[in-house]
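Have your viewer ready, with a way to select single residues and show their side chains.

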Amino acid sequence: MPSRTRKFSARLSLYFDRVTGSTQSPTASPAVHSPIPSSTQQHFHAQEMFHKAQNVIITNSQLIDFAPTDSGIGIKELLNNSMPDAFYNSSARYPPPKCHLGTRNDYITLITSWAQVQSDRTEPILWMHGPFGIGKSAVAQSCAEALAPINKLAATLFLSRSTADRDDPRRVFTSIAYQIAAKCRPFREIINRRMMDDPALATMSLATQFEHLLVRPLRSVNIPRCSLEGCAVIIDGLDECRGTAEQCEIIRVIATSVHKRTTPFRWFITSRPEESIIRTMNSVLVSPVLSRIELPVSRAIDHEILLFLTDEFNKIREDHGLPESWPSEGALSLLVQRGAGLWIYVGTMIRFIRDENSLGPEDQLRIVLEFAKEVSAKVRVDNPLAEMDFFYTLIMQRVPPKVRATVQKILLLYSTFSQYLPTITIALSLPIEQLRRACASIQSVMKVEKAIEFYHASFLDFMRDPQRSKELCILGDFLIGWRQELLMCLHDVWSHSGDPSHIVLPSNIVITKDSSYGDLYRQALGCFWVLCCVPEHPLDFRTAMSLSKIPFKKMFGLLGDRPGWSIVADSVRANLPAELRDKVIRKGRCLIPRCTNARDVWIFGYGENELVPQQAPSGFFLESPRNRSPDHCICGAALQRD
């Protein structure tokens, strides 16, 4: 056989081996493909390439491998169980908080040197802690942006309990695994197969996830070749992760891996100094492999705050054509003084001054300066966090009273019921544009685009704490008042309505073009029961007595045929006075004749007013009894045949 023919035959044999799944030659170049290959890619099959061909002569041949590799189903499943909005370069966080040019250089240098093993801190875990608003996330973001270009960043997570889908502890290690898979192809292929074989891996315990999605796959890859050796994993805001037990478990799982050297990473974690996290960091397991950095509230950074304010005012001045003398040196000095070393405070002040829904930056600055002079007489020098509360109060007090109640309702539903924007608009029967206009009045602390996002979790903390926000608080008196308002409205509906096609609403209810009477009734009813579930805010005796006299059959009968909200029954019952609980909602045997259910179900009312609602996994659905199948009881069990 001629030499050139032998070479082509060998290449053709290699191609057939690759298409049919035979072992690949060590010298063969692997096909390059994306983490999630396109499902529309066209493939040529080698078996059909020379079908019935005769006298074929091929010269200067080049075979391109279009054979199916993996479908990427496992990687897609991993992504679905991750938090991409929490990655350092996510569009959901844009623009992310980061250190202003020329500020925090000492901390950034310290952390990036540690990450590159170029400092005297040799411990594989670095924990930076400090109070809210001190700039931990900004430092972490700046470090991520410094490490990524030099290939020393494995994964990032910027957690936030005030932002939807960024506080789930079950998605911490899946998110890290996904980002590593995007960097390292061999790791990606292993993870893809594991997730295809067992998609439930993403729902297992944190230790199991870590073992199967990180430790075992990393054993099978060439760590240096994938440039993973010594790369940093950044977890910012661990205290923002849901559940203190889960926060501590994440730390312990990472520390165990460090001790056993089962992962090649250096772990940078930031958090507030919460008691449970401090206790875990001080434990025998974690402390030997941990280095600490404290980011305190300090006036030593006043020069950095002055630099930030000067640059920001330069931008505002250029945007609005203001004179170079604005603002005065005295104004800058006062703002630096009132900033008290809190980056969140000065950042919020700048957003307030930039507010487009105002008379302009000059007027906004005047308001801030008057506020700063007034507050200086009330705040002690050693209590800078009180400055933030005063400023949040100023922001909320400047919201027009008619709009303020709507803003408070939005914040209450967001913090107690759902962070999903469409759900809030439906619950309030408020078109999205009206919701955006209402929230524009507090755009210095939050923004509404595809979702509601807060610049810092401290604002919601403030609005939920009656000791701090007082009459502006969304819990306490405001929650109770809204609950009573809804109950009075609902009693009015029950008194005047006949059936779902003849619902009569109070005259003060505004009907929008996109909603019907039935929609508004369903939304008001859903809001009421959701507010009854808010923990630690029990119903007063008068409201609970009124609740016990609800005509439950009519309440459900007016709902029509649409599916309804799921309500947590245990939370409702726990919020009722003990002597009235059984008159409102209780557990008992189903009341429906011929029902085969052997378990207790939730029952509303008593006597002639008793009613069994459609049961939900955690309570009951707000749905009409007419929606049930003729062969099944409203509680979900089968009915005995006649």
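Start by selecting Cys99, which is buried, with a relative accessible area of 15% (buried means under 20%, exposed over 50%, partly exposed in between, using a 1.4 Å probe and protein chains only). Before moving on, note that this is a predicted model, where local features need pLDDT of at least 70, side-chain atom pairs count only at pLDDT 80 or more, and totals for chains, interfaces and linings use all residues. Residues are numbered from 1 along each chain as its sequence is written, and side-chain values use heavy atoms, with hydrogens and water left out.

Next, select Cys184 and Cys226 together. Their sulfur atoms lie 2.3 Å apart and form a disulfide, a term for a pair of cysteine sulfur atoms within 2.5 Å. By this rule, the count is 1 disulfide.

Now look along the S-S bond: the torsion about it is about 40°, so the disulfide of Cys184 and Cys226 is right-handed. Cys184 counts as buried at 1% relative accessibility, and Cys226 is buried too, at 13%.

Last stop: select Cys590 and Cys633. The sulfur of Cys590 is 3.5 Å from that of Cys633, its closest cysteine sulfur, which is too far for a bond.
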